[in-house]
Amino acid sequence: MPRRQLPQISVPLQQITQSLCALESLRTKNKQDALFEDFLDAPEWVHVHVNLKKIPRSGARKLHFIRLPHPIYASSTACLIVKDGAKDEIKAYVEEKELTISKVIALTKLRRNCRSYDYRAEFFKKYNLFLADDRIVQTLPRSLGKLFYGRRRVPIAVRVGHGAPLARHLEHARVSTSFAMPLGTSFTVRIGTTDTPREELAANADTVIRALVKFLPRGGEIEIRALAVKADSTLTVPVYCELPTGTSKYAAAYEKDQKRKRARRSRKLLQAEEAEARKAAEATATATATAT
């Protein structure tokens, strides 16, 4: 049986570059606002914003990786969260292999320290990349809280157990961007920071857009409706949008809804005319009775 052709989205690189240029202009305009002045002095993450036509029925919460031509974590400070009892072994391994990990912290110590919001805020700002043992990654939301998960600084799961090629997994996490299928119809994929050159952002965005289709559940059945780029503090800037056509089921549903609304308006107008006619007839009858 021939393999079904996956839907393809063709977005010219020039169009992506123009959207990124518009994003820079929008952020510059926000800088002029006193409310954003202090906040926008620091670099922000830039994302590709994806909008789907329907909610995925499977694959939600599973982390997917896309290898980028220009790594976004290459010069970042990284923190590795490990299972209790494994810190000394992992730390020795990191030092022996000279891996680019700034800190190794055990789960119990993390939980104890993160009871303080001030520590969590400092911890959040200190590292750009957070990695975690895949055996404990599901327990981290309770410790790290909304500060991390609300701002999409979700720790990336890596295999740290016995016999796992930790160095390869860490390198893969560093040179890739990650995302999870949403519980709704939209999600974002990180492609760099506002300090990243525009050409590199455009190349990363192009790679992400081309790779997205193969991660969609059921081989691409859920198609992409719209794509945009955005920074942490800005609105989205459109890159691609599929408009409804006369043959699509979405256009048919829209037309059906419009017909229903027109019919409802016609009924209300007819009822109003009938009510006016009854009032006029009643007034005429009253006037005739009074005259006689």
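Alanine 86 lies in the loop that connects strand β3 (78-82) to helix α3 (87-97). In this predicted model, alanine 86 is buried, with a relative accessible area of 12%. The protein chain as a whole holds 10 helices and 10 strands, and buried residues make up 39% of its 292 residues. Among contacts between residues at least 6 apart in sequence, 76% join residues at least 24 apart.

**Strand β3 and its partner**

- Strand β3 is joined to strand β4 (residues 103-106) by 4 bridges, and the two strands run parallel.
- Within this pairing, cysteine 79 stands opposite lysine 103 in β4.
- Together with helix α3, the strands β3 and β4 make a β-α-β unit, and this unit is right-handed.

**Leucine 107 and helix α4**

- Leucine 107 belongs to helix α4, which covers residues 107-113.
- Because its relative accessibility is 7%, leucine 107 counts as buried.
- Setting aside neighbours within four places in sequence, leucine 107 is in contact with Val82, Asp84, Ile136, Thr139 and Leu140.
- Leucine 107 and glycine 85 are separated by 22 residues in sequence and by 9.4 Å in space, C-alpha to C-alpha.

**Serine 143 and helix α6**

- Serine 143 is part of helix α6, which is formed by residues 140-149.
- With a relative accessibility of 10%, serine 143 counts as buried.
- When residues up to four places away in sequence are not counted, serine 143 touches Arg111, Cys114 and Arg120.

**Arginine 159, an exposed loop residue**

- Arginine 159 occurs in the loop between strand β6 (156-158) and helix α7 (166-174).
- The relative accessible area of arginine 159 is 51%, so the residue is exposed.
- Histidine 169 is 10 residues away from arginine 159 in sequence, and the two C-alpha atoms are 6.9 Å apart.

- Strand β2 has a covered face, made up of His64 and Ile66, and an uncovered face, made up of Leu63, Phe65 and Arg67.
- Strands β2 and β7 pair in the antiparallel sense, over 5 bridges.
- Arginine 67 stands opposite serine 176, a residue of β7.

**Helix α8 and its surroundings**

- Helix α8 spans residues 198-212 and contains 15 residues.
- From first C-alpha to last, α8 reaches 21 Å, which is close to the 21 Å expected at 1.5 Å a residue.
- The buried residues of α8 are Leu201, Ala202, Asn204, Ala205, Asp206, Val208, Ile209, Ala211 and Leu212.

**Aromatic pairs and a charge over a ring**

- The structure has 6 aromatic pairs.
- In one of these, the rings of phenylalanine 123 and tyrosine 127 have centres 5.6 Å apart and planes at 70°; the pair is edge-to-face because that angle is over 60 degrees.
- Both phenylalanine 123 and tyrosine 127 are buried.
- Phenylalanine 179 and phenylalanine 215 also form an edge-to-face pair, with 5.6 Å from centre to centre and 85° between the planes.
- This second pair links distant parts of the chain, since phenylalanine 179 is in strand β7 and phenylalanine 215 is in the loop between α8 and α9 (217-220), 36 residues apart.
- Phenylalanine 179 and phenylalanine 215 are both buried.
- Ring pairs also link Tyr119, Phe123, Tyr127 and Phe130 into a cluster.
- The charged end of arginine 190 sits over the ring of tryptophan 45, at 4.1 Å from the centre of that ring.

Key
Residues numbered from 1 in each chain as written. Predicted model: local features only at pLDDT ≥ 70, side-chain atom pairs only at ≥ 80, totals over all residues. Heavy atoms only, no water. Expected span 1.5 Å × (residues − 1). Buried < 20%, exposed > 50% of the residue type's maximum accessible area, 1.4 Å probe, protein only. Pairing = 2+ DSSP bridges. Right-handed = clockwise from strand over helix to strand, strands pointing away. Contact = heavy atoms within 4.5 Å. Phe/Tyr/Trp six-rings, centres within 6.5 Å; stacked < 30°, edge-to-face > 60°. Lys NZ or Arg CZ within 6 Å of the ring centre and 35° of its normal.
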